Amino acid sequence: MKPSLSRRNLVAGNWKMYYAPEKAQAWVEQYIQEYPTNAVFQIEIALHVPFPFITHMCNILSKYTPVQIGAQNVAFAYEGPYTGEVSASMLRAAGARYCIIGHSERRQLFYETDEQIVTKIELVQREEILPILCVGETAEERQANRTQKVITKQLELIFEKQEDLDLKYLTVAYEPVWAIGSGKPATPEQAQEIHAFIRELFRQECGPEMANRIAIIYGGSVNTENAGKFFEQPDIDGALVGGASLNGHSFFEIQQQLQQIKYPTPPLPN
Ligand code: PEP
C-alpha cells in the first residue's frame, strides 16, 4: 500500500557501457511492443543510457512511453578544460531528465569523492535534471559491521549542503556494492533495514516532512523474480536495475510490479 501521498516511486534502468546502436534499437522495438498503448503509470520510469544514445533514445522512447532518459554520470564542473567530460547543461540539451551520481563503479574505478558527488548534484539540479545518488557498503564493510557508518559518511555532505540542494527531488539509491552485478541481492529485510536507517538520517537532519518524502530505491541484482519482494517493503520506493534493464521485457515487468504494489488501484484512463 502506498505509504505517503507525496513520495515518489521510481524504476531506473542502468545500461552501463553496454549495447551498440543496433542493439539499442532492437531493445526499443521490443519495449514498445510490450508497452500497452492505454497503460497509465503513476510511477516514474528512467532509463540511463551511454551519452551518445541519449538524444536518440529520447526521440524514440519518450515520445511513445512514459520512459524518461537519463545519463550515468556528469562532469563535476560547469564548464572548462576537462577533456572527455560532459557537463550538466550538455546533458540537458541532449534531452536527459535524470542522472545517476556516485555509482559505486565510479567511486571505485574513477575515484569519485563525496565532494565531487555533491557538486554534481548541485550542477544537475540547476539544469532541472533529477539526480539519483548511489550509496552503499562493500562486502568487507558489511562484515566489519560498518554499513551504517559508511552510509552516514556518504550522506554527510548532502546534509551539510542541504540549503544549496533541492532534496525533495533527490532520489537515494541504496546499492550494496557486493550485490551489484553479482546475482546475490540483499534480502528484502536487509534492504528494508538500511532504507529505514537512511530515512531516519533524513528525519534527523532535514525533518519529518523530508524523511517522508525522500525516494529511496534499492539496487543490486534486482530481477523479475525478486523485485516484488523489495517493493513490498515500506521504505523501498523502487529499484535501480542494471543487468535486468538490458532486457526490454524484464524492465517492463519490474515497472508493472512496482505500479501494482505501490498503487493497487488502477488509475482512471485519461
Ligand atoms: C547497477 O548497475 O546499479 C546495478 C544495480 O546492477 P545489477 O542490477 O546488474 O546488479
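Reader: In which loop is E128 found?

Author: E128 is found in the loop between α5 and β5 (130-135); helices here are DSSP runs of H or I with at least four residues, strands are runs of E with at least two, and both are numbered from the N terminus. The model is a predicted one, in which local features need pLDDT of at least 70 and side-chain atom pairs count only at pLDDT 80 or more, while totals for chains, interfaces and linings use all residues. Residues are numbered from 1 along each chain as its sequence is written, and side-chain values use heavy atoms, with hydrogens and water left out.

The backbone at this position deserves attention. Most residues other than glycine have a negative phi. E128 is not a glycine, yet its phi is positive, at about 60°. With a relative accessible area of 57%, E128 counts as exposed; the term applies over 50%, buried applies under 20%, and partly exposed covers the values in between (1.4 Å probe, protein chains only). S221 also has a positive phi, near 60°, and is likewise a residue other than glycine. Its place is in the loop between β7 (215-219) and α10 (227-231). S221, however, is buried, with a relative accessible area of 17%.

The helix α5 (residues 114-126) leads on to its packing against α7. Two packed helices are described by the angle between their axes and the distance between the axes. Axes are lines fitted to C-alpha atoms, for helices over the stretch in contact, and angles run from 0 to 180 degrees between N-to-C directions. The axes of α5 and α7 come within 9 Å and cross at roughly 45°. That makes α5 oblique to α7, since angles under 35 degrees count as roughly parallel, over 145 as roughly antiparallel, 65 to 115 as roughly perpendicular and the rest as oblique. On the α5 side the contact (heavy atoms within 4.5 Å) is made by D114, E115, V118 and I121, and on the α7 side by K153, Q154, L157 and I158.

With α11, its axis comes within 8 Å and crosses at roughly 40°, so α1 and α11 are oblique to each other. Here α1 contributes W27, Q30, Y31 and E34, while α11 contributes G248, H249, F251, F252 and Q255. With helix α2 (residues 54-62), α1 packs at an angle of about 20°, the axes being 11 Å apart; the two are therefore roughly parallel to each other. Q25, W27, V28, Y31 and I32 of α1 meet H56, M57, I60 and L61 of α2. In both cases α1 makes a right-handed crossing, past α11 and past α2.

Y31 is buried, with a relative accessible area of 0%. Beyond its neighbours within four places in sequence, its contacts include I45, T65 and V67.

Aromatic rings form a further theme. Rings of Phe, Tyr and Trp (its six-membered ring) pair if their centres lie within 6.5 Å; planes under 30 degrees apart count as stacked, over 60 as edge-to-face and the rest as tilted. By this rule there are eleven aromatic pairs. In one of them, the rings of F41 and F252 have centres 6.1 Å apart and planes at 80°, so the pair is edge-to-face. This pair links distant parts of the chain, 211 residues apart: F41 lies in the loop between α1 and β2 (44-48), and F252 in helix α11 (residues 248-262). F41 and F252 are both buried. Ring pairs join W15, Y19, W27, Y31, F41, F251 and F252 into a cluster.

Helix α7 (residues 147-160) supplies F159, and helix α8 (residues 188-206) supplies F202, for another link between distant parts of the chain, 43 residues apart. The F159 and F202 pair is edge-to-face, at 4.8 Å centre to centre and 80° between the planes. F159 is buried, with a relative accessible area of 8%, and F202 is buried at 0%.

Definitions and conventions
Left-handed = near helix turned anticlockwise from the far one by under 90°.
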